[in-house]
Amino acid sequence: MRSTTDAARPAGPGRPGRIEPTDLGRLRAIVRDTDPRMAVHDRMPLLEPLQPLLGGLRRGAVVAVDGDAGRTSLAMALLAGVSAAGGWCGVVGMPSWGCLAAAGYGVRLDRLALVPEPGTAWAEVVAALAGGMDAVLVRPPAPVPGRLARRLAAKARQSGCTLLTLGRVWEGCDTRVSTYGVEGVGRGGWEGLAAGRGRLRARRVTVVASTRPGIELDLWLPGEDGTVRDRGDSSVSGRGGVSALSSRAAS
Amino acid sequence: MSRTLFVWCPDWPVLAAELVDGVSAHAPVAVLHANRVVACSPAARAEGVRRGLRRREAQGRCPHLIVVDHDPGRDARGFEPVVAAVEQVAPGVEVVRPGACALAARGPARYFGCEQAAAEQIVEHVAQACGVEAQAGIASGAFAAGLAARQGRIVPPGGTPAFLADLDISTVDRPELVDLLRRLGIHTLGEFAALPATDVLARFGAEAALAHRLAAGRDERPLAARQPPPDLAVVEEFDEPLERVDVAAFAGRQLGQRLHDRLAGYGLACTRLGITATTGHGEQLHRTWRHDGLLSAAAIGDRVRWQLDGWLSGTGRVAGPTAGITRLRLTPEGVVAHAGMQAGLWGDGGDGWERADRALSRIQGLLGPEAVLVPVPSGGRDPGDQITLVPWGDERTPARPAAGAWPGHLPPPVPAITAHATPVAVLDEAGEPVGVTARLAVTAAPARLSTADSRGRARIVAWAGPWPVEELWWTTIPGRGVAPDTAEPEWSRPETSKQRARFQVQLEDGRAMLLTLTGGRWQITAVYD
């Protein structure tokens, strides 16, 4: 406590009462650490396997989720991180959103609200939800014109809510996360199903983010237990996802 | 031993016939049950008609006797206004039988000054309110008080055994016991009461022991008082019919506040709210709203507004009313003791909940209460069945219990897109439709999927199935009857759809989906996205 007070002293002994602009960031950090009410983290956590991709979901950002395999699952996995940290999530305009799969990824159903069919009022709904939720996933019914997108992005930034959009319909998003199927049996990356036997077990996907172009995450999305897992030979992290999976398959 | 005030209406079945059916009680009237007279009017009694006479005998003594059938329901129905009249004067009335009711004498006696005044007041009020001649008596215990009422007497405190002692033994109303006691030489209650209680119990049994207690002036049981439930509903009448939603909503909000205040006054809160609106033309709409927490004043107001909004604007299947609303009634249907709003133990209902509730309530105001849904895990075999969606703010009750094994449910992973139901055609290599036989074999390997939308045809590269489900086979679907017992499996017949066969397929373009064959039709029911 004593050292905190020392660090918080704004100016040197020679210039009483003046705060150098360079000190502001340090002061903010001190206030944030000492006052729990100010502890508004500007990033919400992600599930651990997704962590290398973004480092966290920035509050107030617009994140577009697309790709040819598993974009709905990826959006669920992104929401799951927010939900696991105690945040509230809203889903707009997706009448067939599979809540059970979302729960499998880790979305808490008691902190999830759906507005399946907002109709033409979807933008108002998103704006209202942004004021009360920590993350809102929206699939707009049509491409969103730049002006409306900017207005909703401003609303999200102002209330500290992360806006996730599904598909390539949003102009001017901050981050674009894409998922592609890895060649498995077919093109989607699914494993476990053959002609007339087996069942779908897990899907291999590659996930990339526009903000970190060098990183390609190799994931099971979903893994055999319905969660997100590292494939193990990922370019960033090397935990034993495959061995865990194969041991499960054997047992 | 409590002082009991007994109100007795003589010849009640006759009076009830007059009140309910309009038979004049001044004429000679007899009420008959099983060919025996159970009650008769004073005029009939003057002609010699007595209880227990046969019909022909009674008609022989009084040729112009009006005979009425005995109807216990009529007696009870007719007595209800009398009970209500007594209840207006003194609370805690217990109906002994139609025509007689008892209440604790202490309260009214203290209120009106003395027991005499209380009895007079009650008899007077019953006469004025219902036009029924009643008699009142006060004694210790309901049995003695009933006998006192027949004489219109008020037995002084402590005088009950002496009062009973001279009465005939037949008043205990147990004919076999009375007959036996008479033959033993016991003719009055006093003589019966003088016998030792243990000997009476040993010789005559429990029923006689009870009669002995009564004869000695002790009561068989204390009175179980009927407490009138507090009327919690609030009603508002409008001189000017409400035509517009905003006006109605404003009135509803005020009414909601009044209901909330009234409930709070009793230390209660409500979890279910009944809203009844009546229009100028007498149309009535009633709907019950459930809530997973306790309804606050604002929440009550919101629900009134939603309901009136939906009704007045006439959207949906129900047509709107033909006149404005003239009467609004809020009834709390589920009421619990309220000890202040409890926050959840693990931080639910905290800051985040309130923020979310505000936002979600606003959207409900914008789009209607059914527009905002929350998922509740429930039981089922298909991914769509395993979640029940309930409107935000409603009780989170699943449609089917989540506990249990649910054999036949799909193995994980769970599809990310459910509740699709897009019709498709599944074709084999030769372009013929694929079916499933009664022995659960596919007629040919599925090779192509043909959809109506722009994606058109796609090759199936891998598939698994069929995984059959037969649910609710014990119910008959109206108009279809029992399915004929044929070798043809039900999933290929269009008329029944209790059996489903499910397939997982993987398409050439990488998509994986769940197909369901039911009633001869293929559907995409879920997509693994």
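This is a predicted model: local features need pLDDT of at least 70, side-chain atom pairs count only at pLDDT 80 or more; totals for chains, interfaces and linings use all residues.

User: Ok, what's chain B built from? How many helices and strands?

Analyst: Chain B has 15 helices and 19 strands. Here helices (H or I, at least four residues) and strands (E, at least two) are DSSP runs, numbered from the N terminus. Of its 529 residues, 44% count as buried, where buried means under 20% relative accessible area, exposed over 50% and partly exposed in between (1.4 Å probe, protein chains only).

User: And chain A?

Analyst: Chain A has eight helices and twelve strands. Buried residues make up 51% of its 251 residues.

User: What is the pLDDT of chain B like on average?

Analyst: The average for chain B is 81, and 87% of the residues score at least 70. pLDDT is the predictor's confidence in each residue, from 0 to 100.

User: Switching topic: how many residues do the two chains use to touch each other?

Analyst: On the chain B side 46 residues are in contact with 52 residues of chain A. Together the two chains bury about 3800 Å², with 63% of it on carbon and sulfur atoms. Buried area is the accessible area (1.4 Å probe) that two parts lose on being put together, summed over both. In chain B, Arg355(B), Pro413(B) and Asp529(B) lose the most area to chain A, together 15% of what that side buries.

User: How many salt bridges and polar contacts?

Analyst: There are zero salt bridges between chain B and chain A, a salt bridge being a side-chain nitrogen of Lys or Arg within 4 Å of a carboxyl oxygen of Asp or Glu. There are 13 residue pairs in polar contact between the chains, both residues at pLDDT 80 or more. A polar contact is a pair of N or O atoms within 3.5 Å; within protein, one must be able to donate a hydrogen and the other to accept it, and residues adjacent in sequence count only if both atoms are side-chain atoms.

User: Which element of chain B gives the most to that side?

Analyst: H15(B) does, with ten residues.

User: While we're on that helix, is Gln364(B) buried or exposed?

Analyst: Gln364(B) is in helix H15 of chain B and counts as buried, because its relative accessibility is 1%. Leaving aside neighbours within four places in sequence, the contacts of Gln364(B) include Trp306(B), Val372(B) and Trp392(B).

User: What about H7(B), how much of that helix is buried?

Analyst: Eight of the ten residues of H7(B) (residues 142–151) are buried, so this helix is largely enclosed by the rest of the structure. The buried ones include Phe143(B) and Leu147(B). Among the elements covering them are strand S1 (3–8) and helix H12 (206–215) of chain B. Just after H7(B), Gly152(B) takes a positive phi of about 65 degrees.

User: Which peptide bonds are cis?

Analyst: Two to look at are the bond from Leu221(A) to Pro222(A), with omega near 0 degrees, and the bond joining Pro412(B) and Pro413(B), with omega about 5 degrees. Pro413(B) sits in the loop between S13 and strand S14 (422–427) of chain B. As background, most residues other than glycine have a negative phi, and most peptide bonds are trans.

User: Where does a residue other than glycine have a positive phi?

Analyst: Asn35(B) is one of them, with phi near 70 degrees. Asn35(B) is partly exposed, with a relative accessible area of 39%. Leu440(B) has a positive phi of about 60 degrees and is partly exposed too, at 36%.

Technical notes. Residues are numbered from 1 along each chain as its sequence is written. Chains are lettered from A and ligands numbered from 1 in the order in which they are written. Side-chain values use heavy atoms; hydrogens and water are left out. Contact means heavy atoms within 4.5 Å.
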